[in-house]
Amino acid sequence: MKPRHAAAITAATLLFAFLVFMAQAFFKAELSSDPATPLLEDRSGAFLSEGENEYARLGFWDVPDPVPERVRECVLAIEDKRFWNHPGVDLRAIGRALVYNSSHDQKQGASTIAMQVARMQLRHPRTLLAKLDETAVAYWLVARHGREGVLRQYLKIAPQGNQVYGFAYAARRYFGKPVQDVSWAEAALLAALPQSPTNLSLFKYWGFQRALARARLVLTELLRAGKLSRDDYEMTLRQLSGMNFRYRERRPDNTYHYIFRCLEEYAKRPPAGLSRPLRTTLDLDLQKRLQAFTQNAVASYRALGAGNMAAVVADRKTGAVLAYIGSEEYFRDSKAAAGSINYARTPRSSGSTVKPFLYALGLDSGRFSPGSILADLPFSIVGPEGEFSAGNFDEEFLGPMLFRRALANSRNTPTLRVLEGVGLERAFDMYRACGLADGSRPAGWYGYGLPIGGLYVTLEDLVAAYGMLANDGMEFHLKWFQNDEAGDHAVRPRRIFSEYAAREVTLFLSDAESRLPSFPRLSPLEYNFPVAVKTGTSQGYRDAWAVGFSRSSIVGVWMGHPRNAPMNRISGSFVAVLLHDIMDALHPAERRGLNAAPFPLPTGTVPVTICSLSGKPANADCPDKFVEYFRDGTEPHDLCRVHVRFPVDRLSGAIASESTPPGRVESRLFTVLGPEYAAWADKQGFGKPPVEAAAASGRAAIALVHPQPGARFLIDPDLPRTFQSIALRAEVEPFVPEVVWYVDGKEYERVPYPYETRWKLAEGTHSFQARFPHAHVESRVVSVRVTK
């Protein structure tokens with residue numbers, strides 16, 4: 001091959017290689033960076049956290065447009081004086097560096113800002129080939145993105161020491177101000193750091209001193225370039241000398257769970273470009289007080305099996321989370337505490353805390369009103385899986401209960417009657433709308449346990465749900481950032497409950513009289529200002545809850561054990577003490593009787609004074625009365641017929657007849673309850689109802705209450721047969737002296753009022769029936785099975 005042909009081929013090959021090299025560099029010339037670090041502050045601007053991992057690479061905030069003048073001039077003075085005059089590669093600087101480095105031990109660099117951006121993005125090792133690649137990429141960076149774009153990228157990703165990157169983030173982190181507000185001295189200090197971020201660390205004393213020395217060099221270059229006057233230069237040097245050594249701020253110990261929740265919410269919709277701190281809703285002073293409250297409470301109850309506690313305080317109107325304790329101490333890692341678990345986000349058995357929502361649904365359904373009477377009596381039903389029975393927390397029954405009192409007393413069996421009234425599926429759909437059920441299981445999986453502890457909820461969700469009641473039934477969400485107006489929940493909120501139902505339930509939960517007799521007066525549930533409160537206790541004392549809201553705040557508290565172990569009779573009333581302390585701290589004026597505005601009354605209603613036993617307008621003899629608010633047009637008019645006066649022969653105690661001498665007749669007050677309350681009324685000492693009152697209904701019937709049809713009973717081999725029996729109960733109308741119980745078609749026993757007896761278990765299938773002794777009135781036949 002001729003030499004000139006070989007030279008041509010070599011030149012072509014080199015040209016092709018150069019073109020490939022430049023083409024590859026072209027595609028590498030993108031502007032990229034790590035994700036921007038969210039810098040969290042409390043509602044007053046106090047530091048909370050930077051990112052999820054404080055020891056990872058932090059920063060990468062966008063620089064404002066236009067680039068702040070002081071920052072721009074300081075950077076160009078020390079890093080790239082001819083920035084506006086070269087295409088990303090400064091051949092003059094390269095030549096000068098080659099000449100200088102050939103005769104000096106201390107080397108001089110020639111990297112432009114574009115070359116530094118290329119190096120920081122490519123992260124090549126320091127080799128000649130890598131340097132050539134960075135040079136080509138730098139050229140294309142300027143060609144593709146312009147000098148202004150390259151400068152902004154440099155200011156976004158330049159190292160600032162202490163794992164901090166970017167001038168905008170560094171200005172906030174080191175000086176607590178936006179980058180556009182930094183002084184000449186501060187801008188010079190920031191411009192000094194990229195040369196050696198580790199050696200010039202502002203969080204180390206000698207690093208800080210070295211950074212000040214290089215910042216003086218920056219200012220000297222500005223003076224030479226005419227960017228600073230002599231007077232400004234001297235003043236800036238004095239400012240630089242007056243700067244103090246800074247200490248790195250750390251996360252407050254009591255905010256870890258709140259910080260992680262904010263970062264979780266941030267990750268759902270991070271902004272396209274972050275250039276400022278995220279101002280959260282947290283009140284750091286209130287957070288410290290709340291932690292002290294929870295730590296004292298857990299310390300007090302730890303001996304009784306309490307392992308940990310969570311508490312949430314939110315603004316009633318906005319949902320802003322003002323204080324948030326996920327565990328009483330994050331770093332307490334014992335098995336009994338497990339402080340790293342966020343218990344405010346951990347589903348636990350709801351106990352009675354979800355009852356108010358069912359009662360609100362009952363009012364909205366039209367099946368119930370404030371005058372409805374609910375039977376607090378033994379409850380049982382037989383289904384495909386067997387018999388379901390429910391009682392109350394105190395193992396007692398209170399008989400007929402006004403709708404408000406059934407809720408305020410937190411009775412289980414009346415709640416189940418409300419559930420039957422509205423229907424299981426409708427109730428389940430309501431709990432889903434409230435955010436208290438996720439729909440992962442069907443309504444039938446919960447069954448009758450749905451409103452009395454079968455539903456597992458988080459404290460966060462519970463506080464948000466109570467926010468719906470506190471805001472007239474409108475959908476309500478917790479808010480984590482102050483500038484969250486354009487967040488996920490910026491759409492117009494849905495209505496979950498009517499204003500009427502929400503306000504009625506609020507009145508029920510804030511009335512101390514309504515809680516009697518289950519909760520005594522002057523208990524932790526009673527306040528000097530209006531607060532709607534509900535407690536809850538899960539089965540076996542595994543969870544204790546208290547949730548309340550005032551006109552301004554919503555507070556929720558949970559206590560329990562990390563391993564779901566039972567506590568020693570710690571109920572919701574225990575944590576209600578902590579709830580009371582928190583509420584008092586939130587309302588210093590109201591607790592002294594100042595500015596204690598009442599909860600608003602339902603609009604479009606008619607007030608009626610009604611009897612608590614009948615739910616009807618009270619007569620002059622009704623001893624226990626409440627003012628209830630009925631929707632206009634639905635108010636009752638017929639007076640109470642439970643408290644009735646009859647003429648009585650005071651010598652015999654019998655109802656007076658026409659032959660009774662007038663001097664022996666006196667008017668005596670009787671409490672006449674329905675037949676379903678006979679056994680309960682007899683135990684309470686109400687006595688037998690007058691025959692005249694019982695006959696007033698004009699109907700005769702017997703209904704077996706227990707046992708239920710199809711019930712199955714097991715004989716315990718370890719228990720003497722003498723102690724193994726079941727109750728036979730019947731509702732009888734009208735009052736008769738006695739009924740006859742039949743077992744397997746044979747007369748078993750004649751039983752007087754209240755017609756209740758017991759039958760000893762015997763193996764086999766058995767039938768039961770009750771009859772009037774002298775009239776053809778009988779119940780249906782109920783069959784049960786008894787096995788060993």
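Colleague: Hi! What should I know about the model before we start?
Modeller: It is a predicted model in which local features need pLDDT of at least 70 and side-chain atom pairs count only at pLDDT 80 or more, while totals for chains, interfaces and linings use all residues. Residues are numbered from 1 along each chain as its sequence is written, and side-chain values use heavy atoms, with hydrogens and water left out.

Colleague: Thanks! How do H4 and H5 cross?
Modeller: The axes of H4 (residues 113–122) and H5 (residues 128–157) come within 6 Å and cross at roughly 100°. That makes H4 roughly perpendicular to H5, a label for angles of 65 to 115 degrees. Axes here are lines fitted to C-alpha atoms, for helices over the stretch in contact, with angles from 0 to 180 degrees between N-to-C directions. The helices (H or I, at least four residues) and strands (E, at least two) are DSSP runs, numbered from the N terminus.

Colleague: Is H4 largely enclosed or open?
Modeller: Largely enclosed by the rest of the structure, because eight of its ten residues are buried. Buried means under 20% relative accessible area, exposed over 50% and partly exposed in between, with a 1.4 Å probe and protein chains only. Among the buried residues of H4 are Ile-113, Met-115, Val-117 and Arg-119.

Colleague: And what covers them?
Modeller: The cover includes helix H2 (69–79) and H5. Contact means heavy atoms within 4.5 Å. Just after H4, Arg-123 takes a positive phi of about 55°.

Colleague: Let's switch to cores. Which residues have the most contacts inside the largest one?
Modeller: Phe-167, Phe-357, Tyr-431 and Leu-436, in a nonpolar core of 148 residues. Such a core is a set of buried Ala, Val, Leu, Ile, Met, Phe, Trp, Tyr and Cys residues joined through side-chain atoms within 4.5 Å. H5 gives the largest share of this core, ten residues.

Colleague: What does Phe-167 touch?
Modeller: Leaving aside neighbours within four places in sequence, Phe-167 is in contact with residues including Val-71, Val-75, Tyr-154, Leu-155 and Pro-194. There is also a second, separate core of 39 residues, which includes Ala-375, Cys-622, Leu-673 and Phe-768.

Colleague: Sheets next. What is the strand order in the one with S7?
Modeller: That open sheet has five strands in the order S7-S6-S16-S15-S14, with antiparallel pairing. Two strands pair if DSSP finds at least two bridges between them. S7 (321–325) and S14 (532–537) stand at the edges, each with a single partner strand, so one side of each has no neighbour in the sheet.

Colleague: How many bridges join S6 to S7?
Modeller: Four, between S6 (residues 308–315) and S7, which run antiparallel. Val-312 has Tyr-324 in S7 as its bridge partner. Helix H11 (residues 284–301) packs on the sheet, touching S6, S7 and S16 (553–560), and its direction makes about 30° with that of S7.

Colleague: What about the sheet with S22?
Modeller: Five strands form that open sheet in the order S22-S28-S27-S24-S25, and its pairing is mixed. The edges are S22 (712–714) and S25 (746–752), each with a single partner strand. The twist averages 25° from one strand to the next. Within the sheet, four bridges join S24 (residues 738–743) to S27 (residues 764–771), and these strands run antiparallel. Tyr-742 stands opposite Gln-769 in S27.

Colleague: Is Tyr-755 buried or exposed?
Modeller: Buried, at 1% relative accessibility. Tyr-755 has a positive phi of about 70° and lies in the loop between S25 and S26 (757–760).

Conventions: Angles under 35 degrees count as roughly parallel, over 145 as roughly antiparallel, 65 to 115 as roughly perpendicular and the rest as oblique.
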